[in-house]
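Student: I am new to this structure. Please show me how to read its features.

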Amino acid sequence: ADIGRPIVFNGIPATIVGVLPRGAELLTPDADWWAPLALDAGDRANVGPRYLDVIGRIASGGTVMAARDELDAIGQSLGLRDDDGARLGVIVTPLQQHLTAAYAAALQLLFGGVLVLVIIATINAAGLMVTRAHERAGEFSLRASLGAGRGRLMRQLLVENGALVAAAAAAAVIAALWLTDVLRLLLPADMPRAADASVDAATMLFLMGVGLCVTAVMSLLPARYASRVDLQTMLRAMGAGAITMRARRIFVVAQVTLAVILGGGAMLLISTARALEAAPRGYDAQGVVTTSINLPPQQYRDPAAIADAINRVIDAAAAIPGVQLATASSQVPFAGGRPGADVVLAEQTFASGVDNQVRLRIVAPGYLQTLGVRVREGRDISRRDAAGSQPIVVVNHSLARRLVPDGSPLGRAIKFNIPAFNGQDGNKVWTIVGVADDTWDRGPRQQAEPEVMLAAAQTPAEVFFWIGRELQLAVRSGGDAAMLASSVRRAVASIDPGIGVGPAITLEERIRVAFARERQIAQLLSAVGVAGVALAVLGLGALIHHHVQQRRREIAIRVALGASGARIVRPLLVNGLQLAITGAILGIAAQLILAPMIQSLLFGVAPRDARILAAVAACMVAVSAVAVWIPARRAASINPIEALRD
């Protein structure tokens with residue numbers, strides 16, 4: 001029904017020619033409409049800047065490698081060179097890899113953690129089955145003495161354990177279906193296709209494969225030990241117990257080792273998330289609310305009209321009750337465009353093979369003060385920096401060091417390699433009036449880039465075209481963002497109803513969303529780590545409980561002869577702690593070996609951080625001590641009369 005309907009975008013009349021189905025993303029989940037990309041002759045000739053993503057479908061029978069070679073040959077024929085003189089090539093990436101690149105390493109780590117958890121659970125179950133096989137030693141020995149071979153015993157255990165695993169797998173599927181909605185809430189909102197997460201055929205096949213592996217481990221190992229027990233050993237009831245206890249000890253040590261690895265990885269990621277949020281950013285996000293404003297191109301073509309509209313919008317925002325400061329910029333942290341250009345001192349030349357690229361930021365008066373960016377030297381951009389006054393810029397500390405390594409750049413003139421900045425005679429220069437602190441607008445993982453801040457009133461119209469005439473309005477206020485958004489819309493509408501106003505969001509919320517991936521992946525891996533520790537502790541406690549049951553008669557006799565509770569508990573506690581400490585040491589060693597695999601995911605913490613590894617190991621040993629103490633304490637309270645009667 002909407003096909004052919006006229007509509008106005010940013011003051012430009014357009015016609016709807018297509019409607020996408022609900023849920024279509026087309027690589028941009030936050031986009032609501034798409035318009036044709038119209039490049040003029042100048043844009044088509046300017047192949048140097050890399051600001052477009054090209055999407056293509058490989059022909060039938062083609063490969064990614066062949067497409068890469070062909071496109072690379074085309075790029076080489078054009079003679080494209082980077083600022084440092086290096087030849088520009090072409091990067092061809094499969095779409096699936098492009099969409100998941102930002103999350104691939106974290107998801108692989110999470111999947112690895114889940115596999116380790118499955119291994120811990122499998123080892124735990126196998127250990128319990130070995131114990132159960134020992135308890136059934138009489139049955140197996142009797143059957144073996146009557147002619148049952150090892151294969152027959154294995155088939156029996158496969159059937160019994162297969163039924164147990166099938167029931168567990170069915171419960172797992174039900175739990176997975178129920179937890180899918182919870183998982184969608186825990187996954188980062190910007191993760192591709194996170195909303196489509198479901199238990200599909202691949203998941204079911206994976207569960208079936210895990211179930212088969214668990215069944216095999218739970219059956220073959222116990223059958224191997226059970227089939228080695230003869231009737232005489234059963235009557236003596238000694239040999240199988242020693243074999244069982246050795247196997248259980250090995251299993252427990254392996255579980256503790258894997259649990260320490262999981263816990264160490266989770267703690268490293270948690271420390272990374274905290275370090276990212278606490279790292280210096282160069283600006284003060286507290287109390288800053290941002291929203292986008294879009295100036296229609298029909299009404300705002302020349303820089304004077306744009307600057308006048310920006311000043312009026314800022315004045316209207318500053319007049320809102322509760323607003324302390326207001327400004328606008330082409331970019332605020334985690335939002336806005338990032339155009340660039342080559343910049344050198346006025347007396348220098350643009351030499352080939354030298355990287356002179358800087359980021360350009362269009363700012364309104366009071367930008368540095370509103371965002372809380374410290375001015376190291378000079379001043380902020382003000383209202384006196386109008387269109388007809390001396391062209392000025394403010395540079396950040398990184399660019400100041402590059403331009404004048406051993407002194408102050410204040411008062412020095414710079415020039416751009418873009419004709420629009422050079423005036424009609426080509427000799428226009430821009431004077432540096434301030435040096436500001438570096439800001440990490442994309443997070444502390446990325447280095448602060450050299451940057452030039454231009455007064456909005458002096459910025460060439462071409463630069464506004466690069467950013468689509470979209471600016472970010474920033475106000476410092478202690479009020480509610482939702483209430484402030486409606487006030488900003490009313491204030492902007494009173495100036496020009498055609499100016500688009502985006503949703504208001506606090507700068508702290510932008511930061512929180514930007515770091516959501518690290519925080520949520522750390523939380524998920526922490527949940528897996530806690531489950532792994534719980535299973536390992538359960539296995540250790542079960543081992544000591546089984547050990548107590550085996551020695552129940554001996555302990556009863558010792559109690560009857562006057563042994564104190566401490567003498568009963570101490571050897572059991574030492575036995576369990578030896579296993580826990582051995583597993584913790586092996587876990588730390590494994591963590592040290594595997595550390596480089598997660599190096600790329602960490603920030604502000606070393607992959608071999610001794611404090612974290614020691615804390616995880618100590619926590620594991622402490623929890624294990626509690627798990628061991630409970631059955632050991634029960635052993636000391638055995639009633640010798642009842643135990644000997646049994």
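Tutor: Begin with contacts, where contact means heavy atoms within 4.5 Å. In the protein, 79% of the contacts with a separation of 6 or more join residues 24 or more positions apart. This is a predicted model, in which local features need pLDDT of at least 70, side-chain atom pairs count only at pLDDT 80 or more, and totals for chains, interfaces and linings use all residues. Residues are numbered from 1 along each chain as its sequence is written, and side-chain values use heavy atoms, with hydrogens and water left out.

Student: How many helices and strands does the protein have?

Tutor: Helices (H or I, at least four residues) and strands (E, at least two) are DSSP runs, numbered from the N terminus. The protein has 19 helices and 16 strands.

Student: What share of the residues is buried?

Tutor: Buried means under 20% relative accessible area, exposed over 50%, and partly exposed in between (1.4 Å probe, protein chains only). Of the 646 residues, 41% count as buried.

Student: Is Glu518 buried or exposed?

Tutor: Glu518 belongs to helix H15 (residues 516–550). Glu518 has a relative accessible area of 12%, so this residue counts as buried.

Student: Which side chain makes a polar contact with that of Glu518?

Tutor: A polar contact is a pair of N or O atoms within 3.5 Å; within protein, one must be able to donate a hydrogen and the other to accept it, and residues adjacent in sequence count only if both atoms are side-chain atoms. For the side chain of Glu518, the partner is the side chain of Arg445, at 3.3 Å. Neighbours within four places in sequence aside, Glu518 is in contact with Ala273, Leu276 and Arg445.
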